[in-house]
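Work through the exercises below with the model open. Each task is followed by a solution in steps.

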Amino acid sequence: MKKIVSLVAILAVFAMLLVGCAGKFDMDKSIEKLKDKGLTEGMCYITEEECERATSLTNSQIAFMGGDFTVEIVKQYDLIENGDHSKSCTFITFATEEQATNFAELMHSRKTTNNSTNNWRIARDGCVVVLTNLDVAMDIINLEFK
């Protein structure tokens, strides 16, 4: 009987590990899958100097939108569809989860308070915020878009 209980317990732990891994967001894999679907690189901020520029631009945008916080961008990666920058998927990695949460909430509240009819959607996982208006991106990226 002890062997059966031990076996069931081990199988349950193994099943929970598999379920926990299946739903994990992986930005790099998501980017590769989107590239495989034909998206190409748009504006990408990867170097320290580029990230400082992206941080400055984003903080200006936050202030303009009425936000009372600042952020630091660690990396920003933009993919576009058919060379059209208005059809894109942007991955922004912030220095902290709090910054990512504040930014995502500001973007979401701005969209809902302005009765916006655009199709931009926002998702967040840890320090990463994803902004997209592409159905293919929302299908591939394993996050809940609002």
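**Exercise 1.** Find where the salt bridge between Arg 53 and Glu 49 sits, and state how exposed each partner is.

Solution. The side chains of Arg 53 and Glu 49 pair in a salt bridge at 3.8 Å, N to O; the term requires a side-chain nitrogen of Lys or Arg within 4 Å of a carboxyl oxygen of Asp or Glu. Both residues belong to helix H3 (residues 48–64), four residues apart, about one turn of the helix. Helices (H or I, at least four residues) and strands (E, at least two) are DSSP runs, numbered from the N terminus. Arg 53 is partly exposed because its relative accessibility is 42%, and Glu 49 is exposed at 58% relative accessible area. The cut-offs are under 20% for buried, over 50% for exposed and in between for partly exposed (1.4 Å probe, protein chains only).

The model is predicted: local features need pLDDT of at least 70 and side-chain atom pairs pLDDT 80 or more, while totals for chains, interfaces and linings use all residues. Residues are numbered from 1 along each chain as its sequence is written, and side-chain values use heavy atoms, without hydrogens and water.

**Exercise 2.** Identify the elements joined by the salt bridge of Asp 28 and Lys 75.

Solution. The closest N and O atoms of Asp 28 and Lys 75 are 4.0 Å apart. Asp 28 is in helix H2 and Lys 75 in strand S2, so this pair ties together parts 47 residues apart in sequence. Asp 28, at 49% relative accessibility, counts as partly exposed; so does Lys 75, at 25%.
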